[in-house]
Amino acid sequence: MAVVLSLGPQVDKTHFIVAVKITATMFFKERSFRMRKIIDFHAHIFNPKIAHLAIANLEQHYGMPWQCKGTFTDMKEEMDKSGFYKAVIFSTPTKPTQVVINNDFLFDLRDDRFIVFGSVHPDYENVAYEIQRIKNHGLRGFKFHPDFQAFNIDDDKALFMYEEIGPDYPIVFHVGDKKLDFSNPERLARVMEIFPQHKFVAAHMGGYSVWDNAAKALIGKNVWFDTSSTMWEVSPEKMADMIHVHGADRVLFGTDYPAVSLTEEAARIEALGLTEEEKEKIFHKNAEKLLGL
């Protein structure tokens, strides 16, 4: 049975961001003696040659400034400052011609703190070969952004990709956008029916900017959510409700770096009033279980 949540009025973003910055400062001072273990399950890394262009395009699409640089070097500095344990990083090709060069860039990244996910494009001429190449290089999962890659999550070509990937690798999707239909949560729900054993992760709590649709289509079902790019828009009370209804054991912490700094996003979770057990699951235990760490 579908569970429906009404997300209610949106919070004032400016006031919430200021409050989060204050909380971030307080939390990470306290961290010096608490040392919470944190895995960021949603971080983007761009080739340094095009990172500034990628950031500019993202800022234009989403209508907001992005706080960080989106390079591997900058992400390592963010990890150093925050003390995060590990991060799942990815870079998604928006065109078939970018697939090989994009994955080659990911193959060359070296840091024990980072868990790298690859990607392909459904219109790439040799999808099966590239998926196997990603696996052979030891990457731990796959990431797709249907809106920017311009394919429906439940398209036949996309279904072929998921079948080739198989049930042993987590597959992260950007899900939801009120401007577009490619990543509609209902499309992912149909894919989940076709591949019930696959490890699907619906980013942005199942539906960026369309959280009511996500509540109807995905909440409470056999899919992982990540918390990225949600708490700046959804009130803390409603965020906590979504976590409780879906189940804290199926929620992964994610920052959507370089959209925000790592510390500020962690502070948002700290401010939700969750139990210590729930926070431990979201911050690292669920990711460790999903990734087999």
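1. Leu218 touches Val175, Pro185, Leu188, Ala189, Met192, Ala202, Gly206, Val223, Phe225 and His246, leaving aside residues up to four places away in sequence; contact means heavy atoms within 4.5 Å. A second, separate core of 13 residues includes Val88, Val172, Trp224 and Ala287. In the largest nonpolar core, which has 78 residues, Phe144, Tyr162 and Leu218 touch the most other members. A nonpolar core is a set of buried Ala, Val, Leu, Ile, Met, Phe, Trp, Tyr and Cys residues joined through side-chain atoms within 4.5 Å. Buried means under 20% relative accessible area, exposed over 50%, and partly exposed in between (1.4 Å probe, protein chains only).

2. On the basis of the note: this is a predicted model, in which local features need pLDDT of at least 70 and side-chain atom pairs count only at pLDDT 80 or more, while totals for chains, interfaces and linings use all residues. Residues are numbered from 1 along each chain as its sequence is written, and side-chain values use heavy atoms, with hydrogens and water left out.

3. The protein chain has 12 helices and eight strands; these are DSSP runs numbered from the N terminus (helices H or I, at least four residues; strands E, at least two). Of its 293 residues, 58% are buried. Among contacts with a separation of 6 or more, 78% come from residues 24 or more positions apart.

4. The structure holds 15 aromatic pairs. Rings of Phe, Tyr and Trp (its six-membered ring) pair if their centres lie within 6.5 Å; planes under 30 degrees apart count as stacked, over 60 as edge-to-face and the rest as tilted. Phe142 and Tyr169 form an edge-to-face pair, 5.9 Å centre to centre with 75 degrees between the planes. This pair links distant parts of the chain, 27 residues apart: Phe142 is in strand β4 (residues 141-144) and Tyr169 in the loop between α7 (156-165) and β5 (171-173). Phe142 counts as buried because its relative accessibility is 0%.

5. Tyr162 and Phe200 also form an edge-to-face aromatic pair, with 6.1 Å centre to centre and 75 degrees between the planes. Tyr162 in helix α7 and Phe200 in strand β6 (residues 200-202) are 38 residues apart, and both are buried. One aromatic cluster is formed by Phe144, Phe151, Tyr162, Phe173, Phe195 and Phe200.

6. Which residues make the contact between α5 and α7? On the α5 side they are Val127, Ala128, Ile131 and Lys135, and on the α7 side Phe160, Met161, Glu164 and Ile165. The buried residues of α5 pack against α4 (99-107), β3 (114-118), β4 and α7. After α5 comes Gly138, with a positive phi near 85 degrees.

7. Most residues other than glycine have a negative phi, and most peptide bonds are trans. Ala150, not a glycine, has a positive phi of about 60 degrees; Ala150 counts as partly exposed because its relative accessibility is 47%. His204, likewise not a glycine, has a positive phi of about 60 degrees, but His204 counts as buried, at 2% relative accessibility. A cis peptide bond joins Tyr257 and Pro258, with omega about 10 degrees. Pro258 lies in the loop between β8 (251-252) and α11 (262-270).
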